[in-house]
Amino acid sequence: MSEREEVVLCGASAYNKKFYLNQDFRGLPDSIKDELKIMCVLFTEDIGGIFQVVFDEDGNLEFRTSSDENDLLYDEIGCGLKIRELQRTKEELLRALEMYYKVLYIGVDESEM
């Protein structure tokens, strides 16, 4: 079996005010795509910087954030708090996305989860 790589699901940037959804996931229901967009854009509006939702090699979702070195408006303390809040409030969505990815893209049988 080939080595799996990380895959970016979506992200947003406070710098260019843009949202990105990986085209491999355009088949997701519009309501889920909308929820992801709102989540990412609000994160960058509140915290600043760049925010990404990434599937790791095993199909688990991770939140990644970064900022330009000279970005004095980036809220590093708020970043950790906001990520924990998202993990708590979006738990059902995140679990469903992980299952979707593992079944359709990795080929894991649902009984193995």
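Author: Here you go. This is a predicted model. Let's start with Cys-79. Beyond its neighbours within four places in sequence, Cys-79 is in contact with Phe-43, Ile-47, Thr-65 and Tyr-74.

Reader: Which helix is Cys-79 found in?

Author: Helix α2.

Reader: Buried or exposed, that Cys-79?

Author: Buried. Its relative accessible area is 6%, and the cut-off for buried is under 20%.

Reader: How far apart are Cys-79 and Gly-49 in space?

Author: 9.7 Å, C-alpha to C-alpha. In sequence, 30 residues separate Cys-79 and Gly-49.

Reader: Gly-49, OK. Which residues is Thr-44 in contact with, leaving aside neighbours within four places in sequence?

Author: Gly-49 is one of them.

Reader: Where is Thr-44 found? And is Thr-44 buried or exposed?

Author: Thr-44 is in helix α1, residues 30-47. Relative accessibility is 5%, so Thr-44 counts as buried.

Reader: What does the side chain of Thr-44 reach?

Author: The backbone oxygen of Val-41, at 3.0 Å.

Reader: Switching to the sheet. What order do the strands come in?

Author: β2-β1-β3-β4. The sheet is open, has 4 strands, and its pairing is antiparallel.

Reader: Which are the edge strands?

Author: β2 and β4. Each of those pairs on one side only.

Reader: How many degrees are neighbouring strands turned against each other on average?

Author: 15 degrees, with direction ignored.

Reader: Take β1 and β2. How many bridges?

Author: 4, in the antiparallel sense. Ala-12 stands opposite Phe-19 in β2.

Reader: And what about the hairpin of β1 and β2?

Author: There are 4 residues between the strands. Lys-17 sits in that loop, between β1 (7-13) and β2 (18-21). Phi of Lys-17 is positive, near 55 degrees.

Reader: Is Lys-17 buried or exposed?

Author: Exposed. Lys-17 has 60% relative accessibility, and the cut-off for exposed is over 50%.

Reader: Now β3 and β4. How many bridges join β3 to β4?

Author: 6, and the two strands run antiparallel. Val-53 stands opposite Phe-63 in β4. The hairpin of β3 and β4 has 5 residues between the strands. In that turn, Gly-59 has a positive phi of about 90 degrees.

Reader: What does α2 lie across?

Author: β3 and β4. α2 runs at about 160 degrees to β4.

Reader: And which strands does α3 touch?

Author: β1, β3 and β4, as α3 packs on the sheet. Its direction makes about 110 degrees with that of β4.

Reader: On to the core. Which residues touch the most other members of the largest nonpolar core?

Author: Leu-9, Leu-36, Phe-51, Val-53, Phe-55, Phe-63 and Leu-97. That core has 26 residues.

Reader: Which elements give two or more residues to this core?

Author: β1, α1, β3 (50-55), β4 (61-66), α2 (76-89) and α3 (91-106).

Reader: Last one. Leaving aside neighbours within four places in sequence, what is Phe-55 in contact with?

Author: Glu-6, Val-7, Leu-9, Phe-25, Asn-60, Leu-61, Leu-97, Glu-98 and Tyr-101. Among them, Leu-9 and Leu-97 were also named for the core.

Terms used
Residues are numbered from 1 along each chain as its sequence is written. This is a predicted model: local features need pLDDT of at least 70, side-chain atom pairs count only at pLDDT 80 or more; totals for chains, interfaces and linings use all residues. Side-chain values use heavy atoms; hydrogens and water are left out. Buried means under 20% relative accessible area, exposed over 50%, partly exposed in between (1.4 Å probe, protein chains only). A polar contact is a pair of N or O atoms within 3.5 Å; within protein, one must be able to donate a hydrogen and the other to accept it, and residues adjacent in sequence count only if both atoms are side-chain atoms. Contact means heavy atoms within 4.5 Å. A nonpolar core is a set of buried Ala, Val, Leu, Ile, Met, Phe, Trp, Tyr and Cys residues joined through side-chain atoms within 4.5 Å. Two strands pair if DSSP finds at least two bridges between them. Axes are lines fitted to C-alpha atoms, for helices over the stretch in contact, and angles run from 0 to 180 degrees between N-to-C directions.
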